[in-house]
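User: Please take me through this model. I want the criteria as well as the values.

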2 protein chains.
Amino acid sequence: MKTQSVRGTRDFYPNDMALRNWLFERWRAASRRAGFVEVDGPVLEPLDLYIEKSGPEIAEQLYWLEDKGGRRLALRPEFTPTLARMIAARQAALPTPIRWFNISRCFRYERAQKGRLREFYQWNVDLIGLDEFYADAECISVAVDAIQDMGLTPDDVEVRISDRRLLGALVHKYVGVAEKLIPRVFAILDKRDKVATDTLAAMLNDAGLKNEERQRLERILAFENLSDFDSIGVVREPADTLKHLFDLLADYGIADWCRFDIGVVRGLAYYTGPVWEVYDRKSEFRAIFGGGRYDRLLADVGGRPMPACGFACGDAVLGLLLKARGLGPAAQRAAQYFVASAQEGKRSDVLLVVRHLRRRNRATQFDLKGGSLKRQMKKAADAGAQFVAIVTAEFAESRRVTLRDMDSGEQRDVALEELGA
Amino acid sequence: MKTQSVRGTRDFYPNDMALRNWLFERWRAASRRAGFVEVDGPVLEPLDLYIEKSGPEIAEQLYWLEDKGGRRLALRPEFTPTLARMIAARQAALPTPIRWFNISRCFRYERAQKGRLREFYQWNVDLIGLDEFYADAECISVAVDAIQDMGLTPDDVEVRISDRRLLGALVHKYVGVAEKLIPRVFAILDKRDKVATDTLAAMLNDAGLKNEERQRLERILAFENLSDFDSIGVVREPADTLKHLFDLLADYGIADWCRFDIGVVRGLAYYTGPVWEVYDRKSEFRAIFGGGRYDRLLADVGGRPMPACGFACGDAVLGLLLKARGLGPAAQRAAQYFVASAQEGKRSDVLLVVRHLRRRNRATQFDLKGGSLKRQMKKAADAGAQFVAIVTAEFAESRRVTLRDMDSGEQRDVALEELGA
């Protein structure tokens with residue numbers, strides 16, 4: 001081989017592709033059951049679209065190029081800015097709420113590692129135009145529906161839910177952190193699972209938090225139930241609205257998948273309300289889903305402000321989890337039927353049977369080289385064929401074939417019109 | 001709007017996406033019926049992969065960037081080099097013939113115009129490991145199957161078929177062009193439909209063809225039937241093998257879709273045998289499919305030589321043709337069912353009915369805002385819902401809803417367990 005593939009990208013051989021299609025089918029089915037419709041945008045977007053949302057340092061983390069006209073084009077690192085651009089462009093004409101989903105190939109120029117690829121797929125579900133908690137619950141229910149459809153259970157994964165406003169009120173009003181420091185504290189707290197306790201304390205110290213403030217922060221981060229906040233008057237309101245969301249999730253019948261977790265922050269500054277992540281219970285892997293409310297999204301790209309919520313789910317971490325749990329598609333069959341020619345079976349008769357089966361939408365192969373019956377049976381096995389239809393010299397008169405079940409080895413005589421019915 | 005999309009790219013709003021999915025489903029179904037399995041590779045490939053196949057000037061026609069390590073990465077302009085790379089990497093382990101198909105997003109940096117986009121999709125079908133004519137016929141039959149499944153007929157499109165070896169023998173042995181000039185003459189002939197007769201003559205003249213040679217070339221280009229070549233002894237062999245291919249296409253039952261056309265050349269040097277293109281009969285559009293045999297492909301990327309044939313079909317020209325013929329998917333429904341709440345119908349009851357329908361895999365929406373019944377009926381119409389299930393205060397006891405058929409306006413009382421069955 002002269003040329004190697006690019007690091008952090010993947011080749012999808014038939015079995016890899018079967019898993020990808022299996023995953024996409026479940027993403028699509030869960031989205032559609034909840035009345036979401038599919039959309040997509042380009043891979044190439046103006047680099048500015050991402051700089052507007054995330055600042056100029058984003059250019060370091062994505063692939064971009066300059067075209068002959070000096071325009072800077074990026075390979076999309078995520079779908080949300082495209083979504084916002086598309087909605088803003090037709091905002092007046094679109095009936096609300098907008099229920100869109102998308103499955104897109106995205107690109108990030110970062111160190112390739114387990115569960116982090118430079119080329120990956122992302123499922124996005126967005127519900128735009130509603131500030132009701134129902135919209136957040138609806139999105140979470142779509143995520144759970146897909147997870148369940150993949151064969152995962154509440155023993156495997158959980159949805160960890162918090163609310164930016166609750167944590168904001170706690171950090172500001174209860175702990176006493178100045179409002180302008182909140183984004184910095186959020187960014188530090190988002191790293192809580194990834195760094196040691198000492199490191200975290202040092203980071204908070206550097207951010208200007210006094211010893212007493214850090215202790216108060218630590219105390220609230222240990223709270224495991226929403227009712228633990230009942231005694232803290234200044235967060236009554238955000239705590240109550242979050243309780244309301246949990247009541248809705250119970251009405252959706254998915255309470256056992258969901259857990260309150262004050263530690264869910266979501267790094268990005270753009271979340272404005274409920275935030276949630278899906279993790280495997282054992283925390284062996286990174287987050288599988290990340291979602292929340294981002295009511296400033298439309299205004300940020302220059303559109304009319306519109307409340308919005310949604311989530312994204314990548315294929316890499318989910319693929320690792322499915323593999324670890326032994327879940328995924330059954331072994332692939334390239335062909336369901338293989339049409340073989342016995343001694344003196346004519347090629348045109350073989351083709352007639354092939355055409356008949358394909359018209360009946362049966363995946364059908366035959367030996368294009370026309371070798372011995374033994375060779376043909378080998379090809380049928382290679383293709384994973386379930387049935388072999390053997391055409392003999394008598395076919396021209398009888399219009400019947402010998403049908404062999406490759407699993408049981410049983411053979412029987414079948415009339416053409418019954419074949420593949 | 002602050003940021004515009006990139007020229008030559010497309011936004012897929014729900015209706016555009018519905019057409020894309022409709023097209024992809026037909027591409028997939030035709031491939032699978034013939035026992036082909038899906039594969040894919042990365043969008044980012046080493047630029048060298050394309051330079052090896054097409055020469056350094058290809059870098060002008062594609063998007064590429066240099067990464068932080070100085071590696072030149074290209075956005076794939078086509079799938080075939082990736083296919084060759086993937087096969088070469090596992091050549092010993094793959095049972096032959098290899099029947100692979102692929103639907104990939106590809107990128108070309110060329111002037112955006114009608115039917116030519118900078119970002120487009122391409123369907124590839126490849127049959128590797130067989131030099132029999134059956135393989136070529138099999139590929140053509142898959143193309144015709146997909147076209148037919150889209151509602152197009154032999155009155156709309158035709159497969160124009162020739163053979164590089166036939167044209168090569170004619171140009172060299174009959175016309176008298178030197179062997180080393182053949183690739184240049186082929187490249188000129190490939191432009192025949194795009195330039196004026198005078199221009200073509202001038203180009204052939206520049207290439208060194210004498211007046212007499214040009215006349216002889218013109219004479220054979222006017223031949224419309226394979227039998228016209230019977231009197232030219234030097235091309236007996238390639239003409240006979242091409243006749244054999246047409247006999248096979250008749251056995252496939254697709255003779256009326258296919259026509260011999262000596263003018264089909266295919267620009268790329270890499271074709272080695274039969275070549276074919278699908279055009280609309282009126283020649284209003286560019287070629288819809290291009291295919292042929294390319295037996296040097298594997299060796300070109302450093303693999304063990306293997307015979308190969310296949311085709312590619314883009315979505316842009318095909319989309320224009322389908323639109324012109326009024327073909328494509330039916331109007332999209334975001335939801336099949338809409339669950340509405342009549343006066344005093346409880347939200348938790350609405351949600352119970354919603355969950356029931358979604359479990360039965362029915363695309364189901366409800367009014368997340370919980371407005372008046374009138375408003376809910378408006379939302380149901382926006383979603384294109386076929387049925388509205390109305391939940392009243394009695395539901396808690398009766399477990400029955402009022403089901404309204406939105407097309408006929410008829411209403412009837414339905415028990416929950418029958419709903420969506």
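Analyst: Start with pairing: two strands pair if DSSP finds at least two bridges between them. Helices (H or I, at least four residues) and strands (E, at least two) are DSSP runs, numbered from the N terminus. R400(B) stands opposite A415(B) in β16(B). This is a predicted model, where local features need pLDDT of at least 70, side-chain atom pairs count only at pLDDT 80 or more, and totals for chains, interfaces and linings use all residues. Residues are numbered from 1 along each chain as its sequence is written, while chains are lettered from A and ligands numbered from 1 in the order in which they are written.

User: How do you know that β15 and β16 of chain B are paired?

Analyst: The criterion is at least two bridges. Strand β15 (residues 400-405) of chain B has 5 bridges to β16(B), and the two run antiparallel.

User: What makes β13 and β16 of chain B edge strands?

Analyst: Their sheet is open, with 5 strands in the order β13-β12-β14-β15-β16 (chain B) and mixed pairing. β13 (364-366) and β16 (411-415) of chain B each have a single partner strand, so one side of each lacks a neighbour in the sheet. On average, neighbouring strands here are turned by 30° against each other, direction ignored. Such angles run from 0 to 180 degrees between N-to-C directions, with axes fitted as lines to C-alpha atoms, for helices over the stretch in contact.

User: Which helix lies across β12, β13, β14 and β15 of chain B?

Analyst: Helix α12 (residues 347-359) of chain B does, running at about 165° to β12(B). Contact means that the C-beta atoms of two residues, placed from the backbone, lie within 7 Å.

User: What makes β3(B) and β4(B) a pair, and what do they form?

Analyst: They share 3 bridges and run antiparallel, against a requirement of at least two. L65(B) stands opposite L73(B) in β4(B). The two strands form a hairpin with 5 residues between them. In its turn, G70(B) has a positive phi of about 80°. β4(B) also has 3 bridges to β2 (residues 44-46) of chain B, again antiparallel. There, L44(B) stands opposite L75(B).

User: Why are the two copies described as related by a two-fold rotation axis?

Analyst: Copies are superposed by least squares on the C-alpha atoms of residues with pLDDT of at least 70 in both. Chain B can be laid on chain A with an RMSD of 0.0 Å, by a turn of 180° and a shift of 0.0 Å along the axis. The copies are thus related as by a two-fold rotation axis. In chain B, L65(B) has the C-alpha nearest the axis, 2.8 Å from it. The same surface serves both copies: 100% of the contact residues of chain B recur in chain A.

User: How many residues are in contact between the chains?

Analyst: 67 residues of chain B are in contact with 67 residues of chain A. Helix α1 (residues 14-33) of chain B gives the largest share of its side, 5 residues.

User: Why is chain A called more spread out than a compact globule?

Analyst: The radius of gyration is taken over C-alpha atoms, and the globule rule is 2.2 Å times the number of residues to the power 0.38. For 421 residues the rule gives 22 Å; chain A has 28 Å, well over that, so it is more spread out than a compact globule. Its C-alpha atoms fill a box of roughly 90 × 55 × 45 Å, taken along the principal axes.
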